[in-house]
Amino acid sequence: MTIISSFIHLGICQCPPDQFYDGNPSSRNGLCVPLRGFNQSCTTIVECDYRLDLQCLNNRCTCSAGSNFDPTIINGPVLG
């Protein structure tokens, strides 16, 4: 877990690309937590690993339409 603070002069909070902000957007500090992988629980799309083309459906990170998950491929989903 990474603790982040807002950039006062820009008024934004940022997490590393492999994490998402899990906290109250109005607070000055929050937590960055790792993106969730295939079949892990989620409540919003920002929690799922976009680099693997995952989306949150029925509270689970799943492949987008037309994609199949292959855990042996690290660079992204297999289409078709």
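Student: Okay, which residue in strand 5 is the bridge partner of L54?
Tutor: That's C63. Keep in mind that we're looking at a predicted model.

Student: And in what sense do strand 4 and strand 5 pair?
Tutor: Antiparallel, over four bridges. The hairpin they form has two residues between the strands, and N58 there takes a positive phi near 50°.

Student: Which residues of strand 4 are on the covered face, and which on the uncovered one?
Tutor: L54 and C56 make up the covered face, while Q55 and L57 sit on the uncovered one.

Student: Moving on to S64. Where's that, and is S64 buried or exposed?
Tutor: S64 is in the loop between strand 5 (60-63) and strand 6. It counts as buried because its relative accessible area is 15%, under the 20% cut-off.

Student: What does the S64 side chain make a polar contact with?
Tutor: The side chain of D53, at 2.6 Å. Leaving out residues up to four places away in sequence, S64 touches D53 and Q55.

Student: New topic: how many aromatic pairs are there in the whole structure?
Tutor: One. It's F38 with F69: the ring centres are 4.3 Å apart and the planes are at 5°, so the pair is stacked.

Student: Where in the chain do F38 and F69 sit?
Tutor: In distant parts, 31 residues apart. F38 is in the loop between strand 3 (29-34) and strand 4 (54-57), and F69 is in the loop between strand 6 (67-68) and strand 7 (78-79).

Student: What's the relative accessible area of F38, and of F69?
Tutor: F38 has 38%, so it's partly exposed. F69 has 33% and is partly exposed too.

Note on methods:
Residues are numbered from 1 along each chain as its sequence is written. This is a predicted model: local features need pLDDT of at least 70, side-chain atom pairs count only at pLDDT 80 or more; totals for chains, interfaces and linings use all residues. Side-chain values use heavy atoms; hydrogens and water are left out. Rings of Phe, Tyr and Trp (its six-membered ring) pair if their centres lie within 6.5 Å; planes under 30 degrees apart count as stacked, over 60 as edge-to-face and the rest as tilted. Buried means under 20% relative accessible area, exposed over 50%, partly exposed in between (1.4 Å probe, protein chains only). A polar contact is a pair of N or O atoms within 3.5 Å; within protein, one must be able to donate a hydrogen and the other to accept it, and residues adjacent in sequence count only if both atoms are side-chain atoms. Contact means heavy atoms within 4.5 Å. Two strands pair if DSSP finds at least two bridges between them.
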